[in-house]
Amino acid sequence: MAKHETPLLDQLESGPWPSFVSDLKQEAEKRAKNEKGVEFQIPEDVVEDLLGVLELSYKHGRTHWKHGGIVGVFGYGGGVIGRYCDQPEKFPGVAHFHTMRVNQPAGKFYKAEYLRELCDLWDFRGSGITNMHGSTGDIIFIGTTTPQLEEIFYEMTHNMNQDLGGSGSNLRTPSDCIGQARCEYACYDTQAICHTFTNEYQDELHRPAFPYKFKFKFDGCPNCCVASIARADMSFVGTWRDDIRIDQKAVKAYVGGELAPNAGAHAGRDWGSFDIQKEVVDLCPTECMRYEGDKLEINTKECTRCMHCINVMPRALRIGNDRGLSILVGAKAPILDGAQMGSLLVPFIKAEEPYDEIKEIIESIWDWWMEEGKNRERLGELLKRQGFQKLLEMTGLEPDPRMVQEPRSNPYIFWKEDEVEGGWERDIDEFRKHHQR
Amino acid sequence: MEYNEAKEKIVEALQKKQKTKTKFYFNDLAKILEEKPRVAKKLINQMIQEQVLEYWSSGSTTLYGLTGTGKQAAAEDEA
Ligand code: SF4
Ligand code: SF4
């Protein structure tokens, strides 16, 4: 028998999709049975009480969690998010219910053994409930009490070679796509750079001194599997400068139906035979492709590396050889001031260790934002407030037409007086000689 | 700025405001110190290490307060 009746939550289990309610019930049952004989360090019925308080929130239409808290591990300003229930008598199991963020390995590679160790630790000292993965990429441990925090931290850092991730006004845990480890589209080693910067910027990750959160995300190519362009204050997107490599024989094999388009991803339904004109050439956003006389041509100058043609015909088209990345800045989700996509800051930069040039850009951006950013202002908002040109000044980068969507749009680039011959002062009498009022 | 001088400045300024406010943004502290953020960060970190200050986090934003002050501190003890 469940500890609390949860008729409203039960409804969530009735649809066609897997339900977190079922997962929670399963975990509650597992803890009640405790077949492994774990010496639970927090209440055994924590999951039951979680279901109970959630049901109550559904009933009342308001939350029963208090906002934030002081908890953390010593010396770290992030990685732990304090949560307290405002109905502790009814639900003592979740009176304290803090979240811990565990810094996921770059590319989210782990051995089953490592996951088991993490889960054993969390069964022992926490609720057993995890979120794989949070939107920043971390492994999220949901729900434990204050005395357990240092214990968990000690175990992770001393015996598991594992750190906490970022939260609060910190650099958040950097995250990356699976990249060169498994993906032929990767234009640089996302794992290497993600891991390097995680180590390099430990102070920024753990000791909050930013106006607000700051996110790095690394995508190996413009397919953007970690969606850096939409959600990172600084997104690093792989790209190349030379031509897409074309294997004309393989192009013909696609046209002839010997190779399945999109590597067979849409094979579940009959879409008719592959039409290269309709499905590739006509869908090129910059209209820079031509298929004539059995030959595919691409006008590289016009190509924006959107990846469409490569995704459709991966055996025939390959990313170029002169590879690096583009840096975009200012993307964010709509918390304070509406959603924003990243703006292109660096069209191309080589991504080679030790990444000194990239670090210089990062650090100059931080200097600007730390000094000028208002409390809770994301980089993208500062960018809108003070202008893109200011950012160029602060980073020492030259303006480039690729930073502008089209002539006369993106009106954030202005002339300054000292850049204009004669400045702003005009002799009005001289002017009036040629122009009537 | 010398660490001890910085500490005095912060403690004094924060204590003065206790009645109305117990949690402060990093930038508020940097302003009290009249230092650039990077310099202020070193000093403030040391105050955290010495438990003169403590962090408060909502999850998305981090604030700083004198250790043991504010509503939450009381709640933390009774829980
Ligand atoms: S972003 Fe590109 S390189 Fe990275 S995994 Fe996705 S397709 Fe591959
Ligand atoms: S990558 Fe995109 S823009 Fe470039 S040729 Fe292919 S479809 Fe066109």
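1. Three strands of chain A, strand 7 (234-240), strand 12 (323-329) and strand 13 (343-349), each supply at least two residues of the lining of the largest pocket. Strand 13 gives the largest share, four residues. Strands here are DSSP runs (E, at least two residues) and helices likewise (H or I, at least four), numbered from the N terminus. A pocket is an open set of points on a 1 Å grid over the protein atoms alone, where a 1.4 Å probe fits, with protein on both sides within 12 Å along at least five of seven lines; a cavity is a set from which the probe cannot get out, and lining residues have an atom within 4 Å of a point.

2. The model is predicted: local features need pLDDT of at least 70 and side-chain atom pairs pLDDT 80 or more, while totals for chains, interfaces and linings use all residues. Residues are numbered from 1 along each chain as its sequence is written, chains are lettered from A and ligands numbered from 1 in the order written, and side-chain values use heavy atoms, without hydrogens and water.

3. The largest pocket holds about 1000 Å³ of space, a volume being the space filled by probe spheres set on grid points joined across faces, edges and corners. Of its 29 lining residues, Thr304(A), Ser326(A), Leu344(A), Pro347(A) and Arg402(A) lie nearest the centre. The pocket lies between domain 2 (175-241 + 325-403) and domain 3 (245-318) of chain A, because both give residues to its lining; the bounds come from an automatic or database domain assignment.

4. Ligand 2 sits in the largest cavity, meaning that more than half of its atoms lie within 2 Å of the cavity's grid points. Residues around ligand 2 (a heavy atom within 4 Å) include Cys284(A), Cys288(A), Cys303(A), Arg305(A), Cys306(A) and Cys309(A).

5. Arg305(A) has a positive phi of about 60° although it is not a glycine. Arg305(A) is in the loop between strand 10 (295-298) and helix 11 (308-312) of chain A. At 12% relative accessibility, Arg305(A) is buried (under 20%; exposed is over 50%, partly exposed in between; 1.4 Å probe, protein chains only).

6. Asn161(A) also has a positive phi, about 55°, and is not a glycine. Asn161(A) is exposed, with a relative accessible area of 75%.
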